[in-house]
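Subject: Structure handover

Hello,

Here is the structure for your set. My notes follow below it.

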Amino acid sequence: MDLTTLTVLFCLHVTLVTVNCNPGPLEDVVIDRYDIPKICPREVQTEDFIRYHFNGTFSADGKKFDSSHDRGKAFISQVGLGRLITGMDRGLLSMCVNERRRITIPPHLAYGSIGTGGVIPPDAVLVYDVLMLDIWNTQDTVQIRTLSKPASCNRTTVASDFVRYHYNGTLLSGAAFGSSHSKNSTYDTYLGQGDLIKGMEEGLLGMCVGERRIIIVPPFLAYGETGQGTQVPPQATLVFQVLLVDVFNPKDDLVVEVKEVPEGCIRRTVTGDYIRYHYNGTFQDGTAFDSSYKRNSTYNTYIGKGYVIQGMDKALHGLCIGEKRKITIPPHMAYGQEGVGDLIPSSAVLIFNIHVIDFHNPEDPVDIKSTYKPQDCKVTSEADDLIQYRYNCSMMDGTLLYSSDHYESPSITTLGANKVILGLEKGLSGMCVGERREVVVPPHWGHGENGAGGVPRSAVLFFELELVELQKGVPEGYMFVWLGDGPDPLFPAMDLNGDKEVPLEEFSAFIMLQVKEGKGRLLPGFDADTIIKDMFNNQDRNEDGKIVEYELKLKVDDESEQVKRDEL
């Protein structure tokens, strides 16, 4: 054996020894799971489709040979069916979305001793740094996870319903692609008409207003191979977090739920009535949009005249004073697709909780009911009478406005003198002393459309009345009237002592005698001496402190002449 051969053998021996002292060639894939998410609901299985980013380098020198990042597009493939190199098929198994792995692949599980395309040399050990973005399978279905649901759910969504919902949309990796919240507007659409991706159509069915769901849609039930714009890549699983805000069907009618009806309801609203009611207005998710209570003023309108939205006009029929109702109005009976500015969104279902304060008809009379009447009722109140009465004045919901009990003595008025509202005047007429009445005064007999201090506009008033005292009156402009035919001639009857003159004392004695005997009546409500003195002064033409027959005759002639002129 020559030296050359020995040298080769020696070198071979040394080489073999050296190899035995270091790791040998890789026999299988080496996986370094250097970033694993805390939550991993799904791992890659054979036949799964995946979407991932990677950087590919050579193990020997770290030189990059390929990168999906550089191409700006994730790589999409199917695992375990030979569409990838064997080492990659193995290395990707059991990965989670958002997991990062470093996969080292020996040549015999990569491109072997041949390499490929001048890019991968023969016998190259390849290193792939992988970020998993998406996993799906052709057997996948829409996944629905209910996050929260209202305790009461009277209705769930069905195909042909119109829905309004908020959503946040993300890819399976968590990258956001869309949100209705950022637009400050719900997403509005019909179900079952192909306006949505198939997975969303399915995921929204059976929801209650106020329900929150997570809806996971596989790519083939979403935007598939084409994706959507720049936000949704091809073959992307989509995750929607949804809050259902509103639902209705074009066939929906008004829904009225009676909450409370007062006992003894004898009259209900009809077309043409004028109604005053309080309300709270909300959307189906409970969000308030308006309230009469906050304005401290009822909403007032005519019924059946088209002054309010169609649904409310219909719902206001058949109501009692004091009744409470919950009214659900679909958009086609409310503000429709237009909505109302920033107040009412397009196609919004409206819910009103109303409380009827009162209603009346413009033709209503004053309603008078006697609750107590003395058996001896011969003298009743009429125009020009001076009366004292007690009263409570309330609105029809029982709210007390005024009461004579708030003062030291009963109220006093002269009937027919326009000192009280017409309805009260009517209610006080024809009463006996001691009689009690309940009187309902519609606004056109009360304070009308403008109201008065403490009395709301167009309010129906309820009075509880009791007549305490009655003094029969005299016609307006008179201070004394005869209750029959007076003495004729008058002067001799006034001249009590027959001296042909009547001073104030004698005149006063004569008048008081007529009142005492029921032959005459003084103007009530004033001091008798004052009235009699005024009467005397009117007769004492020459102001000498006494009335003589000539002055009385002259006064009578003047009055007769005035009557003649008035008649002309």
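Among contacts between residues at least 6 apart in sequence, what percentage join residues at least 24 apart? The value is 68%, with contact meaning heavy atoms within 4.5 Å.

This is a predicted model: local features need pLDDT of at least 70, side-chain atom pairs count only at pLDDT 80 or more, and totals for chains, interfaces and linings use all residues. Residues are numbered from 1 along each chain as its sequence is written, and side-chain values use heavy atoms, without hydrogens or water.

The C-alpha trace spans about 195 × 45 × 45 Å along its principal axes. Of the 568 residues, 42% are buried (under 20% relative accessible area, 1.4 Å probe, protein chains only; exposed is over 50%, partly exposed in between).

Strand E11 (residues 212-217) is largely enclosed by the rest of the structure, because five of its six residues are buried. E7 (residues 143-148) runs antiparallel to E11, joined by five bridges; pairing needs at least two DSSP bridges. Here Arg145 partners Ile214. E12 (residues 238-248) also pairs antiparallel with E11, over six bridges. Val217 stands opposite Leu238 there.

Best regards

Key:
Helix = DSSP H or I, 4+ residues; strand = E, 2+ residues; numbered from the N terminus.
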